[in-house]
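Please examine the sequence and the model shown here before reading further.

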Amino acid sequence: MAFTREHDLHKRRWGRNAGLGLTLLAFVALVFGLTIAKVQRGDQMQGFDHTYQVERDPGARTGGAASQAAPEVSE
Amino acid sequence: MSDIQADITRQTRTGEAGFGDYVQLLKPRVMSLVVFTAMVGLLVAPVQLHPVETLAAVIFIALGGGASGALNMWWDADIDRVMKRTANRPIPSGAVASGEALGLGLALSGISVVMLGLATNWLAGGLLAFTIFFYAVIYTIWLKRSTPQNIVIGGAAGAFPPMIGWVAATGSFSLESVLMFALIFMWTPPHFWALALFMNSDYSKAKVPMLTVTHGRRVTRAHILVYTIALIPVALGAAFTSIGGPVYLGVALVLNTLFLIGAWRIWRRPEDAAEADKYAVEKRFFGLSLAYLFGHFAAFLVEATPFADSFAAWIGWGF
């Protein structure tokens with residue numbers, strides 16, 4: 001009897017590869033979605049990005065605690 | 001010829017597992033409970049995450065639960081082979097090699113903890129890591145084969161998911177998260193001891209020191225009743241916190257009454273009567289225990305909806 005492509009081993013291998021491929025795709029999609037969600041929320045991440053940007057610090061605009069707590073940053 | 005083919009198939013069966021065999025390693029039925037309770041923990045918390053973050057948190061908590069399931073199957077392959085209930089699991093059946101299960105378990109543990117930490121916060125990631133450690137090492141490797149109180153302490157591992165969900169959303173612990181933990185923790189012993197009553201021969205063969213094996217069925221029946229009585233104040237107490245309310249209290253009253261009646265019947269029952277009807281009462285109690293847990297957590301979810309707030313205001317609920 002020939003060891004044909006239709007053997008159960010091949011079916012299992014194909015199923016495993018397809019399953020893993022779909023799992024990885026889902027993982028990539030999830031990480032992408034997470035990135036979008038976190039970037040959309042934004043928070044204060046650019047307010048202290050290497051150089052202090054006063055225009056991105058809401059505390060500085062209102063004269064609140066955030067601006068007083070901001071460290072002096074020089075280039 | 002067919003002998004040769006059969007031989008090839010047998011020799012190459014290991015390492016050529018199907019995708020479903022790996023899914024089975026993650027104990028999907030247990031995972032469904034983890035998904036549900038973790039999701040409730042996330043949704044009833046006072047801080048709401050972005051829907052994608054919520055989805056990611058549930059997935060990674062479930063993945064962590066699956067990882068600990070794979071590690072459990074790796075360690076317990078010898079006793080799974082002996083027990084009828086577990087003989088068809090991927091390792092004893094020869095579908096997956098033992099080392100593959102260990103590798104999968106460790107890899108998924110790392111991925112799930114790191115991804116949950118990145119997606120939500122590191123307290124939640126750390127709690128998930130502790131849960132995996134607790135289930136794989138404290139319960140599976142240490143307690144399961146050494147003490148009849150194995151499932152009492154080991155049950156904590158199954159109780160953590162709603163607490164992880166809560167911590168993922170809020171970044172801290174609270175009374176509510178402890179009560180959700182305690183509800184599952186106290187529910188686990190009666191649930192598993194009811195199973196052990198009608199699966200006793202399996203545990204005896206595998207020499208797992210379940211209470212039924214070491215202390216007998218009479219003592220196990222008494223333990224089911226005692227733990228059920230101890231569970232009731234935990235279940236009802238949650239009604240008077242921020243995650244409870246009148247709807248939850250109503251559901252809890254009904255379910256706890258039914259659960260207590262079931263435990264009382266199990267306690268009163270002589271062994272010969274149980275054998276005569278093939279443990280019908282014990283099997284019914286086991287089924288009820290599943291509905292019990294689902295009902296309480298579903299009620300928590302209902303309490304998180306605006307409908308429940310309106311209902312509470314309408315009846316003048318003061319808590």
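The model is predicted. In chain B, the domain assignment gives domain 1, residues 19–172, and domain 2, residues 174–319. The centres of domain 1 and domain 2 of chain B, taken over C-alpha atoms, are separated by 22 Å. Across the boundary, 29 residues of domain 1 of chain B are in contact with 26 residues of domain 2 of chain B. On the side of domain 1 that touches domain 2, helix H3 (28–44), helix H5 (77–82) and H8 of chain B each supply at least two residues. H8(B) gives the most to this side, with twelve residues. By class, the side comprises 18 nonpolar, seven polar and four charged residues.

Attention now turns to helix H7 of chain B, residues 122–143, which bends by about 35 degrees at B:Phe134. B:Phe134 is also one of the buried residues of H7(B), among them B:Leu127, B:Leu128, B:Ile132 and B:Tyr139. What covers these buried residues includes helix H4 (51–75), helix H6 (98–119) and helix H8 (150–170) of chain B.

How do helix H12 (residues 216–237) and helix H13 (residues 246–268) of chain B cross, and at roughly what angle? Their axes come within 8 Å and cross at roughly 170 degrees. Because of that angle, H12(B) is roughly antiparallel to H13(B). In the contact, residues of H12(B) including B:Ile224, B:Leu225 and B:Ile232 meet residues of H13(B) including B:Phe259, B:Leu260 and B:Trp264. The residues of this contact divide into 13 nonpolar, two polar and one charged.

How values were computed. Residues are numbered from 1 along each chain as its sequence is written. Chains are lettered from A and ligands numbered from 1 in the order in which they are written. This is a predicted model: local features need pLDDT of at least 70, side-chain atom pairs count only at pLDDT 80 or more; totals for chains, interfaces and linings use all residues. Axes are lines fitted to C-alpha atoms, for helices over the stretch in contact, and angles run from 0 to 180 degrees between N-to-C directions. Helices (H or I, at least four residues) and strands (E, at least two) are DSSP runs, numbered from the N terminus. Angles under 35 degrees count as roughly parallel, over 145 as roughly antiparallel, 65 to 115 as roughly perpendicular and the rest as oblique. Two residues are in contact if their C-beta atoms, placed from the backbone, lie within 7 Å. Ala, Val, Leu, Ile, Met, Phe, Trp, Tyr, Cys and Pro count as nonpolar, Asp, Glu, Lys and Arg as charged, and the others, Gly among them, as polar. The bend at a residue is the angle between axes fitted to the seven residues ending there and the seven starting there. A residue is buried if 20 or more other C-beta atoms lie within 10 Å of its own, exposed if 12 or fewer, and partly exposed in between; C-beta atoms are placed from the backbone. Domain bounds come from an automatic or database domain assignment.
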